[in-house]
Amino acid sequence: MKLTRKFLGATAVLALTTGAALADPALIYDMGGKFDRSFNEMAFTGATRWAEETGGEFRDIELQSEAQREQAIRRFAESGYNPVVMTGFSMATPLEVVAADYPDTTFVIIDGVVDLPNVRSVIFSEQEGSYLVGLLAGMATETDNVSFVGGMDVPLIRAFACGYAQGAVAANEEVNVIVNYTGTTPAAWNDPVRGSEITAAQISQGSDVVFAAAGGTGVGVLQRAVDDGILSIGVDSNQNYLHPGQVLTSMMKRVDNAVYSAFESGPGMETGLHVMDLAAGGVGWADDEHNAELISDEMRAAVSSAQEAIAAGELAVHDYRSDSSCPISVE
Amino acid sequence: MSSKRMPKWADVLLVPILSLIIAFALSALVILAIGEDPVRAMRLMITGALGSTYGWGYTLYFTTNFLLTGLGVSIAFQARLFNIGGEGQALIGGLGVALVCLFIPWPHWSLAIIAAIAASAIFGAVWAAIPAYLQAKRGSHIVITTIMFNFIAFSLMNYMLSHVLRPPTSMDPATARFDNVLRLPRLHDILAPMGIDFSRAGPANVMLFVALLACVLAYFLMWRTRLGFEIRAFGKSEPAAHYAGISGVKIIMVAMLISGALSGMMAVNSVMGGPQRLVMNAVEGAGFIGIAVALMGRSHPIGIIAPALLFGFLFQGGSELALETTIPREMIIIIQALVIMFTGALDNMVRTPLETLFALMRRRT
């Protein structure tokens, strides 16, 4: 009993000290790490922008293993951080459990859907942005072979592949799309060596434009593309700057905006499902000084007309996730 | 184990404590080198792991994992079998737990836990049986084969989770959640009737008591039964054991089966007690930490309890450290590695000078 009284005393002290951090937002990165130059780093960018503009503070954590997800979410909710934002579809199942235990905390999940009153689920229309970069790839290829390196083989990544393939074929009917995935586990998000090997194999099959939708693995894909003198397409963040003049473009997924808006709105935010599509500026392609000379006027015109057509609803890009199939094989 | 040159208390307490102090001092230097405050880091680890019932809930949860894997390694050690395969045996044990929990509609958790313990023990034992057989009959070195079986277990679990057990609608390579009936009572549920308020969040559960009971039973097995005597005799001297009519093949098989079963049982805690579903990497390295726990506990079933708690503290305190400071997550692994190195591998660095010291003192008196 004496021991428990000590426990209780200590709990009270902890509650007092953590009280200071009350209502600061928190961010949890999925496997792949904070500085993957892609998906997670985009979330960090959004959070940093919010902190710089408002002078606020936020806490973040990188996961060490798959089994830690629930503990990380619980720890932030327990210490009074609000809202708690997390990236990655793998967070959905643990969040379902934790969110129910902390009804007064608002949670945001990016790339996943949790149907609870205190959760905002943000999903992106990746197929639309991928269609645009696919269009560019189809116009840029000289060998009529373009390729795709996916991270983990899941419906989300197949949606990238499917949108990309549709865009490439729309630009040039002759184009052959080579599709490979890095793996079937979350380790596939952070395996640049394997990414590089897959790219080399695709180059030997004739590919001269490669799109990496693979988180940290993409760094290896882009590097191999540069080494072998072919064009590459980055993902999530604007990765054009990594190899100026050699990255055709990047499929931007504005995770930063999702994080920024969640931090900005704070605990009282509107929850429920938020779809960030092309019309809402959730996805797009990167056009900056690093790739200016790679994009011809003709390409720019084609992509902006497609952009308008998609935003206006005149052009529908098939979403792999809607029926687990794609008009062009992405197995 | 106890040396004549040193009193027993020094052997059991002084050596590990001195080793720990050296390990922590070195860790402090590393933390200083990256520009963080080691005192603050230590304080954060202590409050994070032991400062609240929330922290205790996690610390004791990890302790349960390390108790069972540490016990598994200890039993094999007693027969001088270096079972590095605790990780793989626990992973496969997790498969047993998941199958029992997913496909049988249990009316109550108390029945399910018995079945889950049995299934995980059988799965873990089977996984240990193959390297054991190869060692006993073919002389293939147990260290090599158990390490290789870890990789096979990783790959098998990757396959099972991403292709077989994953629900069709889910993108995450993990099984569906088990029925809520199967939720194991946590310390919060157990202590509440006694009027003790324990955090709901911590996943420490009834498996803690099962693990402690396993330690006591293992003690009786090793020191109060003929089988335990045979295992220890075999470990001390194989030719002597053979001369006394003890079958080497039998001892290798039995010791490894018990070892694998105990490591496998750890999965009941980390699968059924924690996330209530089988996720990838559910063991989180507990199989390897079990080796350190066994080394520090001198392979004694009761002796491993304190090191298991220490590593539970390091594990939970380490994750708090990653959360509250800019100390990168890799640093926590360095601290754990230093503790393992000094308490396990570099044991003689502390022991030999101490023995000399005690010998000198004795000569003087």
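In strand 2 of chain A, which residue is the bridge partner of Leu27(A)?

A: The partner is Asp60(A), which sits in strand 2 of chain A. Before going further, keep in mind that this is a predicted model, where local features need pLDDT of at least 70 and side-chain atom pairs count only at pLDDT 80 or more, while totals for chains, interfaces and linings use all residues. As for the labels, residues are numbered from 1 along each chain as its sequence is written, and chains are lettered from A and ligands numbered from 1 in the order in which they are written.

Back to that bridge. Strand 1 (residues 26-29) and strand 2 of chain A run in the parallel sense and pair over four bridges. Strands here are DSSP runs of E with at least two residues, helices are runs of H or I with at least four, and both are numbered from the N terminus. Two strands pair if DSSP finds at least two bridges between them.

Now zoom out to the sheet. In chain A there is an open sheet of six strands in the order 2-1-3-4-5-11, with parallel pairing. Strand 2 (59-62) and strand 11 (272-276) of chain A are the edge strands, each with a single partner, so one side of each has no neighbour in the sheet. On average, neighbouring strands of this sheet are turned by 15° against each other, direction ignored. For such angles, axes are lines fitted to C-alpha atoms, for helices over the stretch in contact, and the values run from 0 to 180 degrees between N-to-C directions.

A helix joins the picture too. Helix 4 (residues 92-101) of chain A packs on the sheet and touches strand 3, strand 4 and strand 5 of chain A, with its direction at about 170° to that of strand 4 of chain A. Touching means contact, and two residues are in contact if their C-beta atoms, placed from the backbone, lie within 7 Å.

A couple of loops in chain A are worth a stop. Pro83(A) lies in the loop between helix 3 (69-78) and strand 3 (84-87) of chain A, and a cis peptide bond with omega of about 0° joins Asn82(A) to Pro83(A). Further along, Asp111(A) is in the loop between strand 4 (107-110) and strand 5 (119-124) of chain A. Its phi is near 85°, a positive value in a residue other than glycine. Is Asp111(A) buried or exposed? Asp111(A) counts as buried because it has 23 C-beta neighbours inside 10 Å. The scale goes like this: 20 or more other C-beta atoms within 10 Å of a residue's own means buried, 12 or fewer means exposed, and in between is partly exposed, with C-beta atoms placed from the backbone.

What about chain A as a whole? Chain A has eleven helices and twelve strands. Its radius of gyration is 21 Å, close to the 20 Å from the globule rule for 331 residues, so chain A is as compact as a globular protein of that length. That radius is taken over C-alpha atoms, and the rule is 2.2 Å times the number of residues to the power 0.38. Buried residues make up 58% of the 331 residues in chain A.

Where they meet, 15 residues of domain 1 of chain A are in contact with 15 residues of domain 2 of chain A. On the domain 1 side, helix 2 (residues 39-54) of chain A brings the largest share, three residues.

Finally, the partner chain. 27 residues of chain A are in contact with 27 residues of chain B. Strand 2 of chain A turns up again here: helix 1 (2-18), strand 2, helix 3, helix 4 and helix 6 (155-171) of chain A each supply at least two residues of the side that touches chain B. Helix 1 of chain A gives the most, six residues. By class, chain A's side has twelve nonpolar, nine polar and six charged residues. Here Ala, Val, Leu, Ile, Met, Phe, Trp, Tyr, Cys and Pro count as nonpolar, Asp, Glu, Lys and Arg as charged, and the others, Gly among them, as polar.
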